[in-house]
Structures are given as C-alpha cells and as structure tokens.
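The stops below move from the whole chain to individual side chains.

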Amino acid sequence: QLLEELARNKPSDPVVLGTLARQSAIRDTPEKRQQAIACITRVIHEGAANVDDYTLLADLYIRENRSREAVVVLEKARTTYPYFSEIYESLAAQYMALGDYRNAIAVLKKGLELFPADTKLRTLDKNARSTTLDGTPP
C-alpha cells in the first residue's frame, strides 16, 4: 500500500520506479515484465540508474527472448560500470545465444583481463572457443 501511495505521489522518482520494476519483475508474467521494463527504462533514461538497474533490464529482455535489446543494455552497462564481472558474463552469454562468437570472445577476453580468477568467465570462454573450429570466431 505504501508503494502504491508513493507511485501516485512521486511517479517519476527513480527509487519508486526501481522498486515498482522489481516488484513487477518478481511476478514474472508477460504483462508484469512489460511493466517492469517500462519502469526501469525510465530510471535509466533519466540518468539515475545503477548497475543493478541495467542488469535487471537486461534480464527482463532475456526473459522476453529479446537478446539483441539485452545486448544493447549490457554494452551500455559495461561502458558505465566496467568493473562488474557479471556484466561480462551476461553479455558474453547473450552474444553466444545470438551466435556472435566473435563479440562473445572479445567480451570474454576483456573480462578475463579484468577478472582473471573468474571461473564463470573462464568456462564461458572455453565454451565459446570450443564452439569454433580453431579457437577463432567463425
């Protein structure tokens, strides 16, 4: 009830929008995902986003089978917040889902330069390279 009141009184507040987005995302229906996307997109466009907002939006796009849009969001997140390994992991996975191993391997290379001990990045890198014939992208 408090959130509904805040949404009525402060409909443009980034904290309120982010909370509404997360609440809708938890319900995980197509309609609620669209509401969450709308809310979190407003937060990002208004310049009040943090790394969790970007990863939430990318996750929502992934759940909607909108990998290309997830890649755009994750690339912006990587530029804005380059020191979060989860961004590199998710971005590489989305490039791989799109069959773009050249960009996946490039993202993984940069991620491993920054986070050499990250086992998930190493596993993704191994998978991406094993998908190509000689370790170079098709």
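Begin with the surface display: the protein exposes about 8,000 Å² (Shrake-Rupley method, 1.4 Å probe), and carbon and sulfur atoms supply 53% of that area. This is a predicted model, in which local features need pLDDT of at least 70 and side-chain atom pairs count only at pLDDT 80 or more, while totals for chains, interfaces and linings use all residues. Residues are numbered from 1 along each chain as its sequence is written, and side-chain values use heavy atoms, with hydrogens and water left out.

Next, switch to the cartoon. The protein has eight helices and zero strands, taken as DSSP runs of at least four residues (H or I) and at least two (E), respectively, and numbered from the N terminus. Of its 138 residues, 39% count as buried, meaning under 20% relative accessible area; exposed is over 50%, and partly exposed lies in between.

Now select arginine 63 and aspartate 28. Their side chains meet in a salt bridge, 2.7 Å from N to O, the term denoting a side-chain nitrogen of Lys or Arg within 4 Å of a carboxyl oxygen of Asp or Glu. The pair links distant parts of the chain: arginine 63 is in helix α4 (residues 51-63), and aspartate 28 is in the loop between α2 and α3.

Finally, select aspartate 125 and arginine 129, whose salt bridge spans 3.1 Å, N to O. Aspartate 125 is buried at 13% relative accessibility, whereas arginine 129 is partly exposed at 32%.

Notes. Buried means under 20% relative accessible area, exposed over 50%, partly exposed in between (1.4 Å probe, protein chains only).
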